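Here are my notes for you on this model, written for someone opening it for the first time. Have the structure in view and follow the points in order.

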Amino acid sequence: MKFRSMMAAVLAFIFVISGAAMAATEVTIWHTFTDDQQTALQGFADAFNQSQDEYEVIVQSQAYSGFEDTVYNAVANGVGPSIIFNYASTAADYIEDGLVVDMSQYISEDAEMQAIYDSLPEAIKAETTGFVDGGMYALPAVTTGPIFFYNKTIYDEMGFSAPTTWEELAEQSKAIYEKYGIAGFAADSLTDLMHMLIMQSGNEYIDMQNKCVLFDTESTLEWLTWFAENVQAGYFGLRPTGDYWSEDFNAKLVASYSGSCAGVPYIIPDGFEYAVAPLPNTIDVAWYPSWNRGPIVFNKDEETNRGAYEFVKFFLQPENNAQWAIAMNALSPYGTTQEQSQTYQEFAAEMPASLAAVQANLEVAGALPN
């Protein structure tokens, strides 16, 4: 009996050891998505896990408030996620301490993934490597951007169409203020608005080598003054009463504003019709600030990093990328998705006006150093 007990213990020990050796490497995703987006992300994780047995992707929802600080503190202490979804500029905070993975080391050895990456527009490619050392620390999954929301009822009463130049926007805003006593225009993101004015007026942004700005020019001052004078006259709004201008727009306190295409669900017009249009994209140079959000992989051990990359590759396959774009109500930046996914083609054929307004400017999209 002792011999049997000993053999049972040995066999159990061998089973535990061999099971541990065969256990899948865990890859953890932290996110703040809700509803359909969370469901879609979990679906991709489940499908990836079923497609192979080397890695297991675990999806964990986190609190939206303070998310970026939570991630940074966790990653810096070695207990954070393998992947988050954010903009390339977020990845820049992790480079100096070697906390984020340069994806080019994997893509350069993977012809399939290289083809997907090569199908990106040049400006978006530039953003993926627009870091201090030229590494590829972020990959886009979807593209959105700012668009022009306007009170169509007021515009129709004034005989206006959506403006195609900034000067026209200012003239319309002045006329609206004089007739209705409200600001004609405002911007959710003054940073993005100024980027547009700076770049469209023919300036460059930053000299990365010498670490100095390049927008200290007469034309920048001219457009900053233009904006300030319109604010001071009451033609442009400066600060919303809430967090975003959509609330003031709904209440007819402002006639138009620049805001994210994702803001459509927050437009609940009070007794008027609204419409959307592309923002002006040219002063002297054509330029538009597309917003490209996708996976950022944090540096763990080589096996975990490889697993995170394999999930990213799976996630960016044309059909999967199409499903994610639909869940995010966003555009896919990948030519492979646009050309190979029938799902995406059907989505694009009936594209919401908000996304069409972004699409109209993507040919002149540019990237700033992260």
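1. Helix 2 passes helix 14 in a left-handed crossing. Bear in mind while you look that this is a predicted model. Helix 2 covers residues 35–51 and helix 14 covers residues 318–328; their axes are 9 Å apart and the packing angle is about 165°. With angles over 145 degrees counted as roughly antiparallel, these two helices are therefore roughly antiparallel to each other.

2. Who actually meets whom between helix 2 and helix 14? On the helix 2 side you'll find D36, Q37, A40, L41 and F44, and across from them N320, Q323, W324, A327 and M328 of helix 14. Sorted by class, this contact of helix 2 with helix 14 has six nonpolar residues, three polar ones and one charged one.

3. D35 lies in helix 2, and its phi is positive, about 55°, although D35 is not a glycine. Most residues other than glycine have a negative phi. D35 counts as exposed, at 61% relative accessibility. The other spot is N329, in the loop between helix 14 and helix 15 (335–340). N329 isn't a glycine either, and its phi is positive too, near 50°. With a relative accessible area of 28%, N329 is partly exposed.

4. Helix 2 has another partner, helix 13 (residues 302–315): the two axes come within 10 Å and cross at roughly 115°. Helix 2 and helix 13 are therefore roughly perpendicular to each other, and their crossing is right-handed. Helix 2 brings L41, F44, A45, A47 and F48 to the contact, while helix 13 brings G307, E310, F311, F314 and F315. Eight of the residues in this contact of helix 2 with helix 13 are nonpolar, one is polar and one is charged.

5. Which residues touch the most other members of the largest nonpolar core? They are I83, M103, L139, W166, F315 and W324, in a core of 89 residues. Take W324 as an example: leaving aside neighbours within four places in sequence, W324 is in contact with F33, Q37, A40, L41, F44, A141, V142 and F315. Apart from this core lies another one of 17 residues, among them V71, Y137, A138 and F298.

6. M103 is worth a look of its own. You'll find M103 in the loop between helix 4 (88–91) and helix 5 (104–107). M103 is buried, with a relative accessible area of 3%. Beyond its neighbours within four places in sequence, M103 is in contact with M136, L139, V297, Y309 and V312. Is helix 10 (residues 190–200) enclosed or open? Nine of its eleven residues are buried, so helix 10 is largely enclosed by the rest of the structure. Those buried residues are D192, L193, M194, H195, M196, L197, I198, M199 and Q200. The cover over them includes helix 9 (166–180), helix 11 (218–232) and strand 10 (291–297). After helix 10 comes G202, with a positive phi near 95°.

7. Stay with helix 10 and turn to helix 11. The two pack at an angle of about 135°, with their axes 9 Å apart, and that makes helix 10 oblique to helix 11. Helix 10 passes helix 11 in a right-handed crossing. L190, L193, M194, L197 and I198 of helix 10 make the contact with T220, W223, L224, W226 and F227 of helix 11. By class, this contact of helix 10 with helix 11 has nine nonpolar residues, one polar and no charged ones.

8. Finally, zoom out to the whole chain. Its secondary structure comes to 17 helices and ten strands, and its C-alpha atoms fill a box of roughly 100 × 50 × 40 Å along the principal axes. Of the 370 residues, 46% count as buried. Among contacts between residues at least 6 apart in sequence, 71% join residues at least 24 apart.

Conventions
Residues numbered from 1 in each chain as written. Predicted model: local features only at pLDDT ≥ 70, side-chain atom pairs only at ≥ 80, totals over all residues. Heavy atoms only, no water. Axes fitted to C-alpha atoms, helices over the stretch in contact; angles between N-to-C directions. Helix = DSSP H or I, 4+ residues; strand = E, 2+ residues; numbered from the N terminus. Parallel < 35°, antiparallel > 145°, perpendicular 65-115°, else oblique. Left-handed = near helix turned anticlockwise from the far one by under 90°. Contact = heavy atoms within 4.5 Å. Nonpolar A, V, L, I, M, F, W, Y, C, P; charged D, E, K, R; others polar. Core = buried A, V, L, I, M, F, W, Y, C linked by side-chain atoms within 4.5 Å. Buried < 20%, exposed > 50% of the residue type's maximum accessible area, 1.4 Å probe, protein only.
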